[in-house]
Each structure stands twice: as C-alpha cells, then as structure tokens.
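The sequence and structure follow.

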Amino acid sequence: MLCMTRDVCNTRMTMSIDNAIASVAVRDLTAAMTWYEALLGRAPDSRPMPEVAEWKFPRGGWLQVYQVPERAGNGSVTLAVTRLDNVTAHVKKLGIDTKDRSSGPKVRTLMITDPDGNHIAFAEAIDKTMAS
C-alpha cells in the first residue's frame, strides 16, 4: 500500500455492511427475466432501473440481474436453499441440466448455467451451523 501521509496509513476505516446483493450480467434483460422468473417461481420484487431486475430473499440478500451485454455470462452466484432435492426437481422440470452436483460433509450443491452462461449454484447446508 502506498501511503501519502502517515495519518492516512494509520487510520482504519470501519464500515457496517447491512446486506449483500449478488448480481449477474445478461445480454437481454427481457429474455433473462422470463428465465429467472421460471427458475425462482415469481416475478422480480423490484425494478429499480430499466436495465435491472431484483429478487429479494426471505432471510436477506438479493439477486440482481442486469443488462450489460459485454459482461454477460461471466458471473457466478450461490443461492442458499433448505431442500436441495426440491430445487433439483423444479430445475429438472424446467429442462435445465441437473447433472452437475457435488456433496461434502458440510454442504450439497447443484450447479446450473443460465442462457447467457452465468453459473448459479444452489447450496444446502448439511452442517446446520453453516446456515446460521
């Protein structure tokens, strides 16, 4: 770190983060909204800007899908779920490949890809201390 003055280097900023928003870029927001609405089972909770759609989750956090074609397909997001088997069955009914699964002593996951190439992981905590 390059310090301009001694005072700047010795000062630590503390910040309070209240929540987190995961986001993925897509080429066409209208098409992506249709896909994410089917995946998540509902319309977005918010459209704060014409190029943005957001879904809010009950225990906190948001998924933001936004139209920026040059960045589309480079995202990755993990969504925590309670019943991965139910999610897998729903995703399979939508015709989405559900073969990419993994499991360890603490978590089980299903990885899918949206039409733009963004990776979406659904994760169920086996070790319940991870979910608190």
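## Charge

The protein chain carries 16 positive and 15 negative side chains, and the centres of the two sets are 7 Å apart. Lys and Arg count as positive and Asp and Glu as negative, with His and the chain ends not counted; a charge is placed at NZ of Lys, CZ of Arg, CG of Asp or CD of Glu.

## Basis

The model is predicted: local features need pLDDT of at least 70, side-chain atom pairs count only at pLDDT 80 or more, and totals for chains, interfaces and linings use all residues. Residues are numbered from 1 along each chain as its sequence is written, and side-chain values use heavy atoms, leaving out hydrogens and water.

## Overall form

Three helices and seven strands make up the elements of the protein chain, in the order α-β-α-β-β-β-α-β-β-β from the N terminus. Helices (H or I, at least four residues) and strands (E, at least two) are DSSP runs, numbered from the N terminus.

The C-alpha trace spans about 60 × 40 × 25 Å along its principal axes. Of the 132 residues, 32% count as buried (under 20% relative accessible area; exposed is over 50%, partly exposed in between; 1.4 Å probe, protein chains only).

## Helix α3

Helix α3 (residues 84-93) has L84, V87, T88 and V91 buried. Seen down the axis of α3, these buried residues fall within an arc of 100°, so they line one face of the helix; the arc is that of the directions from the helix axis to the C-beta atoms. On the other side of α3, D85, N86 and K93 are exposed.

Just after α3, G95 adopts a positive phi of about 85°.
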